[in-house]
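Me: I would like to learn how to read a model of this kind, feature by feature. Where should we start?

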Amino acid sequence: MGFSLKQLGIYAAFLIVGGSAGWAGGYYLNSENRSDRPEAVPAALESPAQESPQPTVRIVERNNPNFIADAVEQVGPAVVRIDSSRTIASRVPDAFQNPLLRRFFGDEAPSMPQERTEQGTGSGFILTPDGRLMTNAHVVEGADTVTVTLKDGRTFDGEVVGVDPVTDVAVIKIEATELPTVRIGSSQNLVPGQWAIAIGNPLGLDNTVTAGIISATERSSSQVGVDKRVRFIQTDAAINPGNSGGPLLNDQGEVIGVNTAIRANAQGLGFAIPIETAQRIADQLFANGEVQHPYLGIQMVDLTPELKERISQEEGLALDANLEKGVLIIEVMQDTPAAQAGLQQGDVILKVNDTSVETAVDVQDQVETSSVGEVLELEINRNGQVQTIQVRPSAFPADQLG
């Protein structure tokens with residue numbers, strides 16, 4: 001069985017990038033339209049009329065109208081400004097390296113600077129009193145110098161302990177004691193409509209506070225349009241360049257996410273890395289200075305009715321007609337764990353470690369929570385036959401992080 005991405009005309013994603021998303025609908029029965037309604041009951045046999053129960057209305061009272069100000073008062077001192085700079089080698093245009101040009105101009109040939117300095121500003125927050133900080137990877141990646149400025153005006157030289165471009169999380173250490181710290185909350189039970197508060201240094205405006213609501217949760221990387229292994233929190237609290245790395249808070253002043261300004265064209269949309277993901281990566285970076293992400297080496301898409309229809313129209317292509325859901329492998333990279341385990345193009349992944357999967361993001365999540373070298377059991381459907389294949393993920397290749 002062989003086919004190309006062009007033949008199917010579908011979007012494919014590497015395991016590291018994520019997968020396509022699907023929508024689910026529902027239905028209800030209207031009792032007025034049922035054909036099996038009982039015949040009319042004689043008036044003498046009718047039960048006494050009863051009042052319909054009134055719907056219960058849940059009234060949420062907020063006794064503190066200044067809860068945002070209180071949250072900011074608690075957390076604000078632990079939010080920092082991060083200034084970084086790095087030296088970039090400039091590429092000399094080929095024309096200026098042409099020997100004929102040099103001969104013609106001699107010593108007057110224009111010279112090009114060999115290096116230039118880039119500067120950036122972002123945000124971060126303090127995790128421990130002894131100076132452990134968290135921020136975004138893109139704020140400090142490749143930086144030669146990092147300066148951390150506290151709200152009270154104190155400045156410290158920062159050491160970048162580790163950077164993880166795959167999730168856009170980085171950690172910094174400054175030499176200090178008795179620092180104010182944030183309180184870590186949870187993003188597990190967030191629902192759209194809850195309050196969200198962002199603190200940071202957008203556009204160089206230090207200690208800026210914005211507020212809004214949680215707009216959505218579990219946004220995949222493909223939905224957001226970035227190459228990260230993260231399911232993002234979406235908020236309408238304003239997040240601009242400079243907010244990157246700052247905390248997203250709930251109404252109790254607890255950190256539920258790490259803000260990241262990743263969509264320059266966004267209007268009223270901001271995204272944050274869930275704090276559970278960020279904390280897990282930060283712990284590994286402080287412990288080891290790096291994070292190894294499990295990698296299979298496949299391209300995959302969600303199995304949808306539309307995709308099945310396209311495949312059925314291709315000569316020589318076939319899928320199990322009874323399959324309604326799963327994740328279709330459309331390419332297996334050479335010399336990868338998937339290839340070594342015997343996975344093939346056209347296999348449909350049904351389960352990973354006994355957990356059913358319906359989307360490429362589901363597979364990605366299961367792989368991400370595993371460990372490099374740990375056996376993963378994939379239940380697949382191959383040409384109508386269900387079988388189990390064991391795969392040992394390797395570390396995600398560094399040459400694919402760019």
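**Reading the model**

Reply: Start with a charged pair: Glu-175 and Lys-173 form a salt bridge, with their closest N and O atoms 4.0 Å apart. The model is predicted, and the distance is computed from it.

Me: What does the accessibility say about Glu-175 and about Lys-173, buried or exposed?

Reply: The two partners fall in separate classes. Glu-175 counts as exposed because its relative accessibility is 65%. Lys-173 has a relative accessible area of 18% and is therefore buried, the cut-off for that class being under 20%.

Me: How many salt bridges are there by this rule?

Reply: The general idea is that side chains of opposite charge can pair when their charged atoms come close. Here the count comes to 12. One of the pairs is Arg-231 with Glu-218, where the closest N and O atoms are 2.9 Å apart. Arg-231 sits in the loop between helix 5 (221-224) and strand 12 (232-235), and Glu-218 sits in strand 11 (residues 208-219), so this pair ties together parts 13 residues apart in sequence. Glu-218 counts as partly exposed because its relative accessibility is 48%.

Me: Which parts of the chain does the pair of Arg-280 and Glu-368 link?

Reply: In that salt bridge the closest N and O atoms are 3.6 Å apart. Arg-280 belongs to helix 6 and Glu-368 to helix 9, so the pair links distant parts of the chain, 88 residues apart. With a relative accessible area of 33%, Arg-280 is partly exposed, whereas Glu-368, at 10% relative accessibility, counts as buried. Salt bridges with shared partners also join Glu-218, Arg-231, Asp-362 and Asp-365 into one network.

Me: Glu-368 is in helix 9. Which residues of helix 9 are buried, and where do they lie around the axis?

Reply: To read a helix, look down its axis and see where the buried residues point. In helix 9 (residues 360-368) they are Ala-360, Val-361, Val-363, Gln-364, Val-367 and Glu-368. They line one face of the helix, because they fall within an arc of 155° when seen down the axis. These residues pack against helix 6 (275-288) and against several strands, including strand 18 (327-332) and strand 21 (376-382).

Me: Which residues are buried in helix 2?

Reply: The buried residues of helix 2 (residues 67-75) are Phe-67, Ala-71, Val-72 and Val-75. Down the axis of helix 2 they span an arc of 135°, so they too line one face. Two of them, Ala-71 and Val-75, are touched by Leu-249, whose other contacts include Trp-195, Ile-197 and Val-255. Leu-249 is in strand 13 (residues 247-249) and counts as buried because its relative accessibility is 0%.

Me: Which residues touch the most other members of the largest nonpolar core?

Reply: To read a core, ask which members have the most partners within it. The largest one has 45 residues, and those touching the most other members are Phe-125, Met-134, Val-148, Leu-150, Ile-172 and Ile-174. Helix 6 gives the largest share of this core, six residues. Another core, of 19 residues, lies apart from it and has Val-327, Ile-329, Val-332 and Ala-338 among its members. As for Leu-150, it touches Val-80, Ile-126, Phe-156, Ile-174 and Leu-179, leaving out residues up to four places away in sequence.

Me: What is the bridge partner of Ile-126 in strand 4?

Reply: For a strand pair, look at direction, bridges and the turn. The partner of Ile-126 is Leu-133. Strand 3 (residues 115-126) and strand 4 (residues 132-135) run antiparallel and are joined by two bridges. Their hairpin has five residues between the strands, and Gly-131 takes a positive phi near 100°.

Me: Where is the confidence lowest, and where is it highest?

Reply: Where pLDDT is low, the predicted coordinates should not be read in detail. The chain has a mean pLDDT of 80, and 74% of its residues reach 70 or more. The lowest mean is 41, in strand 1 (residues 13-14), and the highest is 98, in strand 4. Residues 9-50 have pLDDT below 50, yet this stretch has 53 contacts in the model beyond near neighbours in sequence. Residues 55-61 are also below 50, with zero such contacts.

Technical notes:
Residues numbered from 1 in each chain as written. Heavy atoms only, no water. Buried < 20%, exposed > 50% of the residue type's maximum accessible area, 1.4 Å probe, protein only. Helix = DSSP H or I, 4+ residues; strand = E, 2+ residues; numbered from the N terminus. Arc of directions from axis to C-beta. Pairing = 2+ DSSP bridges. pLDDT = per-residue confidence, 0-100. Contact = heavy atoms within 4.5 Å. Core = buried A, V, L, I, M, F, W, Y, C linked by side-chain atoms within 4.5 Å. Salt bridge = Lys/Arg side-chain N within 4 Å of Asp/Glu carboxyl O.
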